[in-house]
Amino acid sequence: MAKVTVLMGSPRRCGNTARLVRAFADGLDARHEFEILNVAQLDIHPCLGCNACFHNAGHLCPQPDDMARVYRVLADTDVLVVATPVYFYGISAQLKMLVDRLHNPIRNSFRISRMVLLAVGAATLPQLFDSIVMQYRLCLHFFHLRDLGSVLVRGVKEAGDIEGNAALDEACRLASTV
Ligand SMILES: Cc1cc2nc3c(=O)[nH]c(=O)nc-3n(C[C@H](O)[C@H](O)[C@H](O)COP(=O)(O)O)c2cc1C
């Protein structure tokens with residue numbers, strides 16, 4: 001059974017990212033174990049850049065926060081789904097803090113092999129997701145992961161704007177291929 005973990009990066013629990021994640025989850029089935037980490041609800045501090053985790057026993061971070069739980073979840077995850085709103089052309093700060101904490105050799109014990117990107121933003125400009133997609137591709141390469149696909153949704157601003165959007169079916173279909 002493949003374990004699918006979503007990093008839900010929006011602080012709006014009933015917003016467009018959360019709705020897109022729900023549509024993705026609808027496409028999973030009994031072959032999958034599924035967990036959503038609501039990143040904004042977790043107590044995650046920014047990386048201090050001290051590199052203590054490279055030397056400490058068990059790669060322990062000196063900051064005792066919810067990353068210990070995140071590391072445990074990622075250790076037995078096969079498919080990582082990164083879900084974020086566009087915040088100033090990048091991923092949300094809440095999600096970025098978590099990603100930065102993967103600057104820890106404990107990541108070498110993770111069994112993640114595949115990744116999916118889900119993103120939403122208010123603008124309709126073609127370049128809206130360029131920097132997020134570039135960061136996603138570089139992370140695929142860095143972590144030696146296979147890309148399973150992306151769903152990128154433009155023109156959704158207020159919570160609920162995504163309702164009725166064809167992207168919901170797209171996310172559901174994508175999940176069925178995982
Ligand atoms: C801090 C902040 C920065 C944002 N920056 C952008 C942006 O650069 N481009 C854009 O199109 N939308 C931007 N938005 C709008 C959100 O991407 C949009 O409202 C999205 O639907 C929010 O997703 P959510 O409902 O999952 O929180 C921003 C919103 C916030 C709160």
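Isoleucine 162 lies in the loop between strand 5 and helix 5. The model is predicted: local features need pLDDT of at least 70, side-chain atom pairs count only at pLDDT 80 or more, and totals for chains, interfaces and linings use all residues. Residues are numbered from 1 along each chain as its sequence is written. Helices (H or I, at least four residues) and strands (E, at least two) are DSSP runs, numbered from the N terminus.

Isoleucine 162 is buried, with 22 other C-beta atoms within 10 Å. A residue counts as buried if 20 or more other C-beta atoms, placed from the backbone, lie within 10 Å of its own. Isoleucine 162 touches Asn16, Arg19, Leu20, Val120, Val153, Val156, Ala167 and Leu168, not counting residues up to four places away in sequence. Contact here requires C-beta atoms, placed from the backbone, within 7 Å. Isoleucine 112 is 50 residues from isoleucine 162 in sequence, and their C-alpha atoms are 29 Å apart in space.

Helix 1 is largely enclosed by the rest of the structure, because 8 of its 11 residues are buried. The buried residues are Asn16, Thr17, Ala18, Arg19, Leu20, Val21, Ala23 and Phe24. They pack against strand 1 (2-8), strand 2 (32-38), strand 3 (79-85), strand 4 (114-120), strand 5 (146-153) and helix 5 (166-176).

Strand 1 is also largely enclosed by the rest of the structure, since 5 of its 7 residues are buried. Strands pair if DSSP finds at least two bridges between them. Strand 1 pairs with strand 2 in the parallel sense over 7 bridges. Within this pairing, lysine 3 has glutamate 33 as its bridge partner, and threonine 5 has glutamate 35. Strand 1 also runs parallel to strand 3, joined by 5 bridges. There, leucine 7 stands opposite valine 82. Strand 1, helix 1 and strand 2 form a right-handed β-α-β unit. In a right-handed crossover, with the strands pointing away from the viewer, the path from the first strand over the helix to the second runs clockwise.

The ligand is surrounded by 19 residues, and the closest are Ser10, Gly15, Thr17, Pro85 and Ala123. By class, the shell holds 12 nonpolar, 5 polar and 2 charged residues. Ala, Val, Leu, Ile, Met, Phe, Trp, Tyr, Cys and Pro count as nonpolar, Asp, Glu, Lys and Arg as charged, and the others, Gly among them, as polar.

Methods. A residue is near a molecule or strand if its C-beta atom, placed from the backbone, lies within 6 Å of it. A residue is buried if 20 or more other C-beta atoms lie within 10 Å of its own, exposed if 12 or fewer, and partly exposed in between; C-beta atoms are placed from the backbone. Two residues are in contact if their C-beta atoms, placed from the backbone, lie within 7 Å.
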